[in-house]
Amino acid sequence: MLATSSHHGDWLHEARLPWPCAWLLGHEGQGVRPDLMAQSAQTVRIIQPGGEESLNVAAAAAICLHASAAAVFGGL
């Protein structure tokens, strides 16, 4: 399982993503619950120039799923 965070973890665009994987995406303001975060194998964050605190969860999911597909099928 991969967890997303606004505050810590590997930058998504630099992370080595496992395949297959399951994504944990949390509430836009509060993030992934701590008990689920503790169960994840890796934490990643999406770079947000401008200092935003969070992204819309649907937008974050699209970015993360694209990164997973690109890592496997795009040769990244």
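Let's start at Pro20. Pro20 sits in the loop between β2 and β3. Strands here are DSSP runs of E, at least two residues, and helices are DSSP runs of H or I, at least four residues, numbered from the N terminus. The peptide bond joining Trp19 to Pro20 is cis, with omega about -5°. Most peptide bonds are trans.

Before going on, the ground rules. This is a predicted model, where local features need pLDDT of at least 70, side-chain atom pairs count only at pLDDT 80 or more, and totals for chains, interfaces and linings use all residues. Residues are numbered from 1 along each chain as its sequence is written, and side-chain values use heavy atoms, with hydrogens and water left out.

Now the overall fold. We have 2 helices and 4 strands. Along the sequence the pattern reads β-β-β-α-β-α.

Next, the surface. Of the 76 residues, 32% count as buried. Buried means under 20% relative accessible area, exposed means over 50%, and partly exposed is in between, with a 1.4 Å probe and protein chains only.

On to the sheet. The 4 strands form an open sheet, ordered β2-β4-β1-β3, with parallel pairing. Two strands pair if DSSP finds at least two bridges between them. Which strands stand at the edges? They are β2 (10-11) and β3 (23-24); each has a single partner strand, so one side of each is left without a neighbour in the sheet.

Look at β4. Strand β1 (residues 2-4) runs parallel to β4, joined by 3 bridges. Ala3 has Thr43 of β4 as its bridge partner. β2 also runs parallel to β4, with 2 bridges. There, Trp11 has Arg45 of β4 as its bridge partner.

Stay with Thr43. Thr43 belongs to strand β4 (residues 42-45). Thr43 is buried, at 16% relative accessible area. Setting aside residues up to four places away in sequence, Thr43 touches Ala3, Ser5, His8, Gly9, Asp10 and Met37. Contact here means heavy atoms within 4.5 Å. Across the protein, take the contacts between residues at least 6 apart in sequence: 70% of them join residues at least 24 apart.

A quick stop at Ala38, in helix α1 (residues 34-39). Is Ala38 buried or exposed? Ala38 is exposed, with a relative accessible area of 66%. Ala38 and Ala3 are 35 residues apart in sequence, and their C-alpha atoms are 9.2 Å apart.

Nonpolar side chains tend to be buried together in soluble globular proteins. The largest nonpolar core here has 10 residues: Leu2, Leu12, Ala15, Leu17, Trp23, Val44, Ile46, Ala60, Cys64 and Ala67. α2 gives the largest share of this core, 3 residues. A nonpolar core is a set of buried Ala, Val, Leu, Ile, Met, Phe, Trp, Tyr and Cys residues joined through side-chain atoms within 4.5 Å.

Beyond its neighbours within four places, Leu12 is in contact with Leu17, Trp23, Val44, Arg45, Ile46, Ile63, Cys64 and Ala67. Cys64 lies in helix α2 (residues 57-73). Cys64 is buried, with a relative accessible area of 1%. With its neighbours within four places left aside, Cys64 is in contact with Thr4, Leu12, Trp23, Leu25 and Ile46. Gly50 is 14 residues from Cys64 in sequence, and 20 Å away in space, C-alpha to C-alpha.

Last, the cysteines. How many disulfides does a search of the whole structure find? It finds 0. The cut-off is a pair of cysteine sulfur atoms within 2.5 Å. Cys21 is partly exposed, with a relative accessible area of 26%.
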